[in-house]
Amino acid sequence: MQAYLAAHDAFVTWLEGLDEAPSANEIDRALWALALKAADRGMTETHWTFVVDGLIAYVNRRAPGNILLSSQLARGFELSSQWQTVKFALIRSMLDVCALRSIG
């Protein structure tokens, strides 16, 4: 539960810090970064589904009627079906960091 709450809070903090509505690309990048953090914290695709659902509920309460933002967030559900890819990307980035450290 703590991983879910931390993931949700991280995204909400990012969203609240923006001066204007984020673009679809910004949301995609933020969701991807959040999915990597979630996978790193051991979350499964089922947990991720709850994170996305919670974010949509938050946006619907915060900005009722902002269908565009809710729909862009709903694209995060696609990452659930690609969770193995998310986990692979996380492992790949960890290996890249280890390789860079061994060079330096």
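A: What follows starts with the chain as a whole and then moves to the core and the helix contacts around it.

The model is predicted. Its protein chain has six helices and zero strands, so that the order from the N terminus on reads α-α-α-α-α-α. Of the 104 residues of this chain, 33% count as buried. The accessible surface comes to about 6,500 Å², and carbon and sulfur atoms account for 58% of that area. Among contacts between residues at least 6 apart in sequence, 72% link residues that are at least 24 apart.

The largest nonpolar core holds 26 residues, and those that touch the most other members are F11, L31, W48, L55 and L73. At least two residues of this core come from each of helix 1 (2–16), helix 2 (24–40), helix 3 (45–62), helix 4 (67–74) and helix 6 (83–103). Helix 2 gives the largest share, eight residues. As a general point, nonpolar side chains in soluble globular proteins tend to be buried together.

With neighbours within four places in sequence left out, the contacts of L36 are V86, A89 and L90. L36 is also 7.2 Å from K87, C-alpha to C-alpha, although 51 residues separate L36 and K87 in sequence.

The remaining part of the picture is the pairing of helix 3 with helix 4. Two packed helices are described by the angle between their axes and the distance between the axes. For helix 3 and helix 4 the angle is about 175° and the axes lie 9 Å apart. Angles over 145 degrees count as roughly antiparallel, and helix 3 and helix 4 are therefore roughly antiparallel to each other. On the helix 3 side the contact is made by V52, L55, I56, V59 and N60, and on the helix 4 side by L69, S70, L73 and A74. Seven of the residues in this contact are nonpolar, two are polar and none is charged.

Definitions and conventions: Residues are numbered from 1 along each chain as its sequence is written. This is a predicted model: local features need pLDDT of at least 70, side-chain atom pairs count only at pLDDT 80 or more; totals for chains, interfaces and linings use all residues. Side-chain values use heavy atoms; hydrogens and water are left out. Helices (H or I, at least four residues) and strands (E, at least two) are DSSP runs, numbered from the N terminus. Buried means under 20% relative accessible area, exposed over 50%, partly exposed in between (1.4 Å probe, protein chains only). Contact means heavy atoms within 4.5 Å. Accessible areas come from the Shrake-Rupley method with a 1.4 Å probe; for residues, only the protein chains shown count as cover. A nonpolar core is a set of buried Ala, Val, Leu, Ile, Met, Phe, Trp, Tyr and Cys residues joined through side-chain atoms within 4.5 Å. Axes are lines fitted to C-alpha atoms, for helices over the stretch in contact, and angles run from 0 to 180 degrees between N-to-C directions. Angles under 35 degrees count as roughly parallel, over 145 as roughly antiparallel, 65 to 115 as roughly perpendicular and the rest as oblique. Ala, Val, Leu, Ile, Met, Phe, Trp, Tyr, Cys and Pro count as nonpolar, Asp, Glu, Lys and Arg as charged, and the others, Gly among them, as polar.
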